[in-house]
Amino acid sequence: MNAHKLLAISLLLLLALPTISYTLTAFAQQQVGGASESITYTRVVLDQVGEAFRAGQIDAYIFGLRASQLDQFQGVQNIRFIASPAGLLSLIVNPAPVKTVNLSGDWSKKSLDDIAKAIGYPKEVISQVYYDPDKGVTFVDLAADGQNINPFALKEVRWALNFIIDRDYIVNNILRGYGAPMTTFLSYYDPSYIFISDLVAKSGIGYNPAYARQLVEKALTKVGATLVDGKWYYAGKPIQVIFIIRTEDERRDVGDLIASELERLGFVVNRQYLPFGQALAIVYDTDPKELKWHLYTEGWGKGALERYDVGTPAQMCAPWFGYMPGWQTEGYWWYRNDTIDELTQKLYFGKFTSYDDYVQTYRKVTEMCIQESVRLWIATRMDIHVVRADMQGITTDFGAGLRSPFNLKGMFTPAKKDITIGHLWVYTTRTIWNIYGGFTDVYSVDIERATYDPLTWRDPFNGEPIPIRVKYTVYTAGPNGTLTVPSDAIIWDASQGRWVNVAPGTKAVSVIKYDMSLFIGKKWHHGVTITWGDILAAWALWFDLVYNTTKASFESSIAGVNKPFFDTIKGLRIVPENNTLEVYVDYWHFDPNYIADYAALTPINPAELLVLQHVIVFDMQKYSLSTTTAAAKNLPTLNLVLKDHATDLANLAQKLLSAGYFPAKYFTTPKGSFMTPDEWRARLQAFINWVNTHGHAWISQGPYYLDSFDDKAQKAVIKAFRDPSYPFAPDFWVRGTASAASLTIPAAPTIIVGNATSFTVNVIPPTVTKLGRTSVLTGGIRVQFIIKDVQTNAVIYVGEAKLLTAGATLLTYQITIPAEVTSRMAPYSTYQIQVLAFSEAVVVPAFATVTVQAQPNPAAIIGQQIAPVQQQVTEITQRMQELEKSLASLREQFGTIGQQIGQQVATALEGLSKLMQEQAGATRSIADLVGNLSSQVTTLGSTVDKLRSSVDSLSSSVNKVSSDVEDLRSEVSSLRDTVNSLSSLNTYVIILTVLVVISIIMNIVLLLRPRK
């Protein structure tokens, strides 16, 4: 177990266990140690579990059964089932390149065009660019090189895989409903899901093979692949992918389903069906660049809840943590992502500055993990555990179910002192028992956790870190301040191989003062007293593995992963008089319990066992600590439960004992030594005696000790540790039963486009029952809702409900959807509203969904129908105004012409009359008179002709106005018909429209009337 690997992986579907009343018997309460005298773990294959219960061979089965395996229990009496979120399914993808080109210097900031030009390959085939400052070289990875191709080195192809996984089918048919779909490392049943629920919904991931084909075709065509008769070819060869498919459980069916989808995409799939050990040896113990695998059906076991998850993104997405392809093994190709590394280290090492900063960082890295799609998520899996009906001491653990250490340590039956637990395996080739590189499989972990007590663990109901075998006080200057580390604090100097005082002026963000009284003076399983020497050795040997260059190079996959944690440890200070260990650390969290949990390095094994492992691995190089180093160096991985390995360690102890070897450096501080040579010799002898007696080398300090381990017989026996110094009675581990909150939507809301909508939801709060007393936990419940467009799969709104009433057993919340949100909805379109309730006390969220159809807004419909009428009215009004101007102009012209006619006729007649008077008395000839008269008449005729021309022009204008009026009358008639057709309008709208039309007509009539 690595020093600071998370104890919990918050990744599973969580359902409430049935509430069970129980009373601990006097047998379980009267003594310290485990609740049962002994627990035997034995292998039982899945299809024989029912028969094993029927025959009385087992009292519990700890490996999760599937719904399809429950038929075997028909007729089996006196058993009960416990459903728990014990596992999940994922798909790991190998993104390794087919070729890497090296460039001298740092090219990481240059454009892909520049890099492509420098290496002589198109930029489309470049999958990863990484600069190694130590070597001064930039490594350019190629997904295709003209001869070979790994399609999954292309991010676009990996992303496309999300859309060929039919998660609903897998849950409903393969898991038979005992599960829930997942699209990232958390599901909506996980406590921290509240931070990312909208991001997951907005990702749009769902079963859509047509879309996947589009993505794949676009990506592969760019790099030169061709699709011929439905199959992809590159460099004249079909593109083949190697799919490692596990055979023991539903992953075979899941793998076949995905493999068939890959074939439909056009790939040739080499399906390799392998059991646990063989599969892991290929996937995790070979260099990804060897391309011995392309995909693998992963399975995970949940350890505990995590209230504020800080580690899952690192474990499931970040290269630095060692769980991504390359596995941080020296010499292997590694998947790299500096941004994800930076963000996950910010979370893991408490570099956020506030709660909001934590949430935003978590959201950002989650979004990147989804986009990168190196690990794709399939489903949370409900595991069904079986126990005897009279089994007592069961704690509801919403993270691990029956596999919880609370249950392993607290369960018993009144009828028998010894119980037997069945498991799928007790030993596999990947079952490694050593705290540095082992315990990566559930088969070892499920036994080991009963044999040791951690300093801290997680509350089984809400995931909050809680003290177990320690008390602590936290002091912090964070997030922005620092504390001065006392000058007498110590730190391990790997270059000198000894403990030294910290440098003057050393600062730290926080200090945790651990009261180690529940360790110091108590006993290890082999009878040796736990001392400060054990505490110092545990820290020193971890520091040495990380900072000693020889050790770190030998076990790079362990050292690399753990170095960032030990970099944050600024000093230790031992205060023997009150059994206090002070740990100064650069770590801050808004929850002080997380600070205490972060720095809690549990002493799991005695000092001599730790030292012996380091000697046989690093000095003798006879074993490795990790499977990756074992594969790289062709060494066996040190396994403390295997007899020959334990014998080698015992023989080494004997040699060291004979040689007088005493590693004083691990126990000696500037203030003095915390172990004497005599104590050391006694410890070596006690270790030798233990191995000779038990045939293995696993020694710890919990309520059970490992009595025997038989890898060939697939059997292990743990026995209660009854030493009077052990601090806990069995009932310490029994935390009671709990039920999660439940959520109902009494009535689906009616959504009218453009209108705000409110509706209520009811929450039944969670309960906790212990020793027959039930508490209802109504406080600290938040209700969140997400609205999704079913047609486009797009999230259109995320909000939080308001508490309306808080009764003793029922809470009512109001959800309001603002008008600006409904305004974006389309009439008659379907929308899904997902509601989630999160409780601080029992943090398994409750959820409910409702699907509604948005209804059109009547006022909006009327507005849409009347809009054309309003436009016509406006246009007619404008025409009317123009006609009014034309008529006014005509009237003005008519008046002017009339005046001109009168004036000109009067002038002509006046001239004629005057002429006649003048000529009357004169003696002139008639010819002159006629000539003069003719001239005057001609002038008058010219004037009349001009008047006629003006009148003709006026007549033309009047005719045009008359024509325009007729057109206007026609338009008004059409407008009337339009209005009459709007039968669906409300009566008041119709009346209003008719009045407007009448008004328009009357104005036109008035315009055509002559002036008086």
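The following legends describe close-up views of a predicted model.

In this predicted model, local features need pLDDT of at least 70 and side-chain atom pairs count only at pLDDT 80 or more, whereas totals for chains, interfaces and linings use all residues. Residues are numbered from 1 along each chain as its sequence is written, and side-chain values use heavy atoms, with hydrogens and water left out.

**View 1. Overview of the protein.** The secondary structure comprises 26 helices and 40 strands; helices (H or I, at least four residues) and strands (E, at least two) are DSSP runs, numbered from the N terminus. The protein has 1012 residues, of which 57% count as buried; buried means under 20% relative accessible area, exposed over 50%, and partly exposed in between (1.4 Å probe, protein chains only). Among contacts with a separation of 6 or more, 74% come from residues 24 or more positions apart, a contact being defined by heavy atoms within 4.5 Å.

**View 2. The disulfide of C317 and C369.** C317 is joined to C369, with an S to S distance of 2.2 Å. Distant parts of the chain are linked in this way: C317 belongs to helix α10 (residues 312–317) and C369 to helix α12 (residues 355–372), the two being 52 residues apart. The link is right-handed, with 135° about the S-S bond. Both C317 and C369 are buried.

**View 3. Surroundings of D59.** D59 lies in the loop between α2 (49–54) and β2 (60–65). This residue counts as buried because its relative accessibility is 2%. The D59 side chain makes a polar contact with the side chain of K416 at 3.1 Å. A polar contact is a pair of N or O atoms within 3.5 Å; within protein, one must be able to donate a hydrogen and the other to accept it, and residues adjacent in sequence count only if both atoms are side-chain atoms. Not counting residues up to four places away in sequence, D59 touches F53, V386, V387, R388, M391, K416, D418, I419 and T420.

View 4. Strands β11 (residues 240–246) and β12 (residues 268–274) pair in the parallel sense over 7 bridges; two strands pair if DSSP finds at least two bridges between them. I244 has Q272 in β12 as its bridge partner. Together with helix α8 (residues 251–265), β11 and β12 make a right-handed β-α-β unit. A crossover is right-handed if, with the strands pointing away from the viewer, the path from the first strand over the helix to the second runs clockwise.

**View 5. The open sheet β8-β9-β10.** This open sheet has 3 strands in the order β8-β9-β10, with antiparallel pairing. β8 (226–228) and β10 (237–238) stand at the edges, each with a single partner strand, so one side of each is left without a neighbour in the sheet. Strand β9 (residues 231–234) runs antiparallel to β10 and is joined to it by 2 bridges. The bridge partner of Y234 in β10 is K237.

**View 6. The open sheet β31-β32-β38-β37.** Here 4 strands form an open sheet in the order β31-β32-β38-β37, and the pairing is antiparallel. Its edge strands, β31 (742–744) and β37 (802–806), each pair on one side only. From one strand to the next the twist averages 30°; axes are lines fitted to C-alpha atoms, for helices over the stretch in contact, and angles run from 0 to 180 degrees between N-to-C directions. β37 and strand β38 (residues 811–817) run antiparallel and are joined by 4 bridges. A806 stands opposite L811 in β38.

How values were computed. Disulfide = S-S within 2.5 Å.
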